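Keep the viewer open as you go.

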Amino acid sequence: MNTQEIVSKLWNLCNVLRDDGITYHQYVTELTYILFLKMSKERGDKVESSIPEEYRWDKLASKDGVELKNFYRQLLLDLGTKGEGRIKEIYANANSNIDEPKNLEKIIRSIDQLDWYNAKEEGLGNLYEGLLEKNANEKKSGAGQYFTPRPLINLMVELIDPKPGEKCNDPAAGTFGFMIAADTYLKKKYDNYYDVNIDAEFQRTKAFTGCELVQETHRLALMNAMLHDIESEIFLGDTLSSLGTKFKDYDVVLTNPPFGTKQGGERASRDDLTFLTSNKQLNFLQHIYRSLKKNGKARAAVILPDNVLFQDGDGNKIREDLMDKCNLHTILRLPTGIFYAQGVKTNVLFFERGRTDKGNTKEVWFYDLRTNMPSFGKRTPLTESHFDAFKEAYQAKDRTKVEDERFKVYVVEEILAKKSLDLGLIRDDSLTEYDDLPDPIESAELAAAKLEEAADLLMSVVKELRHLGGV
């Protein structure tokens, strides 16, 4: 049984809980509580030894009926209040939505009977990420808001190219997908950090950090990190509050900040951002480029909606500030339909923080992967191959020699004059371009002129014929 089959079996267990009125997202959270104990046992490492013996998997699996239900609820309470380290974080404020003891028993028995040998071979982290992805793809769960498509994450990580020893961060971590992808990328590239020149301890405990606002999502991120052998800090809190002032001096930032305005429309409660607006993405953008090291090498790839590219007022000032402090070298215009809300138009901004705070952007290259593209969704999933042409253009030694109509460049003077970064889109073949249609007034005047000319010619011919007849 492979990972995909195990994920399907786990997901189908949700049907058991429908009578308890449990949502998909609550189900994944509930699974996290139970899977943590089971996976800790399967890993057989120090994680299980840090769980109080009376609350380990074997104790839970040995009970049934009402005794099981009461034991499980006490387990959640005690691990969340008396546990230590990551265990206490994962079970903080945990409570169960399962009322029927038989349902809880069925889930525990079903999990115990899965093919855990193959699951371990393929990676428990992969299994858990499969569950998170399943949840994100289920529209009823609403989880797509924090789940970025895996092909897009992998593209951003590859092009940013993190290095061993660099501090990487996601200030809107969600389930920690970007940081896990960065860690996976480096492990593949550097043989699981076995190279003697790589500090494996730093990679495991310091290299990948994040912050997540929602506690339920935060515990999913903690579980995901643990199953990928990452023990670095994932803060629970709001990056746009005073907490975010400590997030700085990063080599790499990879993130997909939440869309929409800040709750209630209030401005970020930060005293270190130059331009405070109610636009959450603009505040996140400021935080991100200010959190990068000023060494000419620190870099970021950030997913942002279209309004960030054209919003006036503070939006224009923040774009100018970004282009001053950083080299904003590339903007990828993403296709629609790849996020949870149909029609949301998004982009990836790639930039590097300069050594100084003035004049770092000279030109910006735009790649239009939106126009004349398929309508992505369940029937037409986004794949890594859809980014092949963009990747080739991005990595070209001389971008001016790239022959691709989707790839355009604008110098910074043009951008500042337009006061917008909403640029680079090509002609949409699915739409009628009014510029290509003849002007109705000009067309009528031209037709009248031609008619008059034809009438004059006809009168000349008639006169000539009369003249000949008279002879």
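The chain averages a pLDDT of 87, and 88% of the residues score at least 70. Residues 432–437 are another story, with pLDDT below 50 and four contacts in the model beyond near neighbours in sequence. Where pLDDT is low, the predicted coordinates should not be read in detail.

Now for helix α10, which spans residues 150–160 and is mostly covered, with nine of its 11 residues buried. Among the buried ones are R150 and P151, along with L152, I153 and L155.

If you want landmarks, L332 bridges to V348 in β7, while I331 bridges to F366 in β8.

Next, have a look at N256, in the loop between β4 (252–255) and α14 (280–290). Is N256 buried or exposed? Its relative accessibility is 11%, so N256 counts as buried, the cut-off being under 20%. The N256 side chain makes a polar contact of 3.0 Å with the side chain of T148. Leaving out residues up to four places away in sequence, N256 touches T148, A172, F178, I303 and F339.

In one of them, F235 and F247 have ring centres 5.2 Å apart and planes at 45 degrees, so the pair is tilted. F235 sits in strand β3 (residues 234–236) and F247 in the loop between β3 and β4, so this pair ties together parts 12 residues apart in sequence. F247 is buried, at 4% relative accessible area. Elsewhere, ring pairs link F350, W365, Y367, F390, Y394 and F407 into a cluster.

Some rings also have a charged residue over them, and Y394 from that cluster is one such ring:

| Charged residue | Ring | Distance to ring centre |
|---|---|---|
| K63 | F71 | 5.0 Å |
| R399 | Y394 | 5.1 Å |

Technical notes:
Residues are numbered from 1 along each chain as its sequence is written. This is a predicted model: local features need pLDDT of at least 70, side-chain atom pairs count only at pLDDT 80 or more; totals for chains, interfaces and linings use all residues. Side-chain values use heavy atoms; hydrogens and water are left out. Buried means under 20% relative accessible area, exposed over 50%, partly exposed in between (1.4 Å probe, protein chains only). Helices (H or I, at least four residues) and strands (E, at least two) are DSSP runs, numbered from the N terminus. pLDDT is the predictor's confidence in each residue, from 0 to 100. Contact means heavy atoms within 4.5 Å. A polar contact is a pair of N or O atoms within 3.5 Å; within protein, one must be able to donate a hydrogen and the other to accept it, and residues adjacent in sequence count only if both atoms are side-chain atoms. Two strands pair if DSSP finds at least two bridges between them. Rings of Phe, Tyr and Trp (its six-membered ring) pair if their centres lie within 6.5 Å; planes under 30 degrees apart count as stacked, over 60 as edge-to-face and the rest as tilted. A charge sits over a ring if NZ of Lys or CZ of Arg is within 6 Å of the ring centre and within 35 degrees of the ring normal.
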